[in-house]
Amino acid sequence: MSPQNSVLFSPISIGPLVLPGRLFKTATAETRGTLDGFATDAVVDFYVPIARGGTPLIITGNIYVCREGKSAPLQLGADHDDKIPALARVVDAVHAQGAKFFAQLNHCGRQVVPRFAQSPVAYSASDVKDLLTGTKPQALTVEEIQRLVGQFADAAERCRRAGFDGVQLHSANGYLLSQFLTPYTNRRSDEYGGSMENRTRFIRQIIQAIRSRLGPDFPVIVKMNGSDWLPLRDGLHTGELVEAATLLQREGIDAVEISVGHYESGFPMVCGTFDQCLRNMLKGSMSYLPPLRRTLLQVFRPLVTLASNLLWKGRQGYNLDYTPQFKKQLAIPVICVGGFRTREAMEAAISQGKCDAVSAGRAFIADPYIYRHLRDNQPGPRCVDCNACVGHLGAQPAECYHPTVKAEKDAMLAREATV
């Protein structure tokens, strides 16, 4: 099928933006900022090839809105006006290649490795310990929640001043906004707990504050789970999350991107194989875990690898298990992330009405030009779902760490540089 006849390369509107195609770069932690959260030339180097490949929309890795919400040492921040010039350099470089660029805003809440924390106290909706990291958070007061609403709006305004085309609020994968949605992590009895109306209040107030500050024409989208994937715990299932999305749509969001799981869930958000992933984690981000948790993971790594390989085998479009329910209830675009690699799988997901667009992370890390390659029916490096890159996130720069795929990528980029 030619690009002219392919739904994957047909226009789609997100708020006032009209994008020329429906494959987007989803957020992946760049691990390329400074220790103080400033963007660097390495961040530019990561995004420019993706933009040069024709990608219609790129979403940054999670950007913290305040120091207490920082989740990794080399994460980007939008917590102060001094971050704007460096962010603007990245935005300008991406725009020069013709792509649109959204900033993903986030607060990690309880999902912070203790030694990564920029604050002696981690915060969440309630004081429920994270079973992976061992972090025991402190429940936010209403006054602190209101301050965070302002900090999210401040960060969104800084991102617009830096030139971003929109923002994405990260309310998936067990981060703070997700923690407020989920009954397992939100056991409050005030106006922020209990009913879905109450549990969405925090994020709805953030949306209201951004809209009040930046107006209706600045795109605001939300990343959220299609399932919390928390067996034996009070996690959210798809119908409840659709209800939450409906409430967010009423506040004027422009699209939702559907993911899955919390940190405690294991690896449902990155289906594939996990031997190299866990080896890299033990040398990287997991080396910062409390000693007992780190030792247990080292001892039981072979069993954890075996179980993960069985539970979360690689397949394309694994979040299509959830998106049709969102499509039935929402009038805004539904974007599905989750293991997409081939044009055929992407086109089928959209043409069958399961979602309006697809996004990918690891596929773009392996092949920054994947959009162009799929559009023009050209070969390129193909992600093999080894998840070595996932194991390094938070400790080493976002990059392909599979030797064969990385060699193909490097050769491709070298050829491109000579053109």
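A pocket is an open set of points on a 1 Å grid over the protein atoms alone, with protein on both sides within 12 Å along at least five of seven lines, and a cavity is a set of points where a 1.4 Å probe fits but cannot get out. This is a predicted model, where local features need pLDDT of at least 70 and side-chain atom pairs count only at pLDDT 80 or more, while totals for chains, interfaces and linings use all residues. Residues are numbered from 1 along each chain as its sequence is written, and side-chain values use heavy atoms, with hydrogens and water left out.

**View 1. The second largest pocket holds about 210 Å³ of space.** A volume here is the space filled by probe spheres set on the grid points, which are joined across faces, edges and corners. Lining residues are those with an atom within 4 Å of a point. There are 16 of them, and Arg-341, Leu-374, Gln-378, Gly-380 and Arg-382 sit closest to the centre. Helix 13 gives the most to this lining, with three residues; helix 11 (343-351) supplies at least two. Helices are DSSP runs (H or I, at least four residues), numbered from the N terminus. By type, the lining splits into six nonpolar, five polar and five charged residues. Asp, Glu, Lys and Arg count as charged, Ala, Val, Leu, Ile, Met, Phe, Trp, Tyr, Cys and Pro as nonpolar, and the others, Gly among them, as polar.

**View 2. One cavity of 30 Å³ or more turns up in the structure.** The volume of the largest cavity is about 80 Å³. Look for Cys-383, Cys-386, Cys-389 and Cys-400 in its lining, which also includes Tyr-401 and His-402. Helix 12 (residues 362-366) provides the largest share of that lining, three residues. Eight of the lining residues are nonpolar, two polar and two charged.

**View 3. The largest nonpolar core has 113 residues.** Such a core is a set of buried Ala, Val, Leu, Ile, Met, Phe, Trp, Tyr and Cys residues joined through side-chain atoms within 4.5 Å, and buried means under 20% relative accessible area (1.4 Å probe, protein chains only). Helix 3 (residues 142-162) gives this core the most, nine residues. Apart from this core lies another, of 13 residues, including Ile-14 and Ala-255.

**View 4. Helix 8 (residues 275-283) has its own buried residues.** They are Cys-277, Leu-278, Asn-280, Met-281 and Leu-282. Helix 9 (291-311) and helix 14 (388-392) are part of what covers them.

Note on methods: Buried < 20%, exposed > 50% of the residue type's maximum accessible area, 1.4 Å probe, protein only. Contact = heavy atoms within 4.5 Å.
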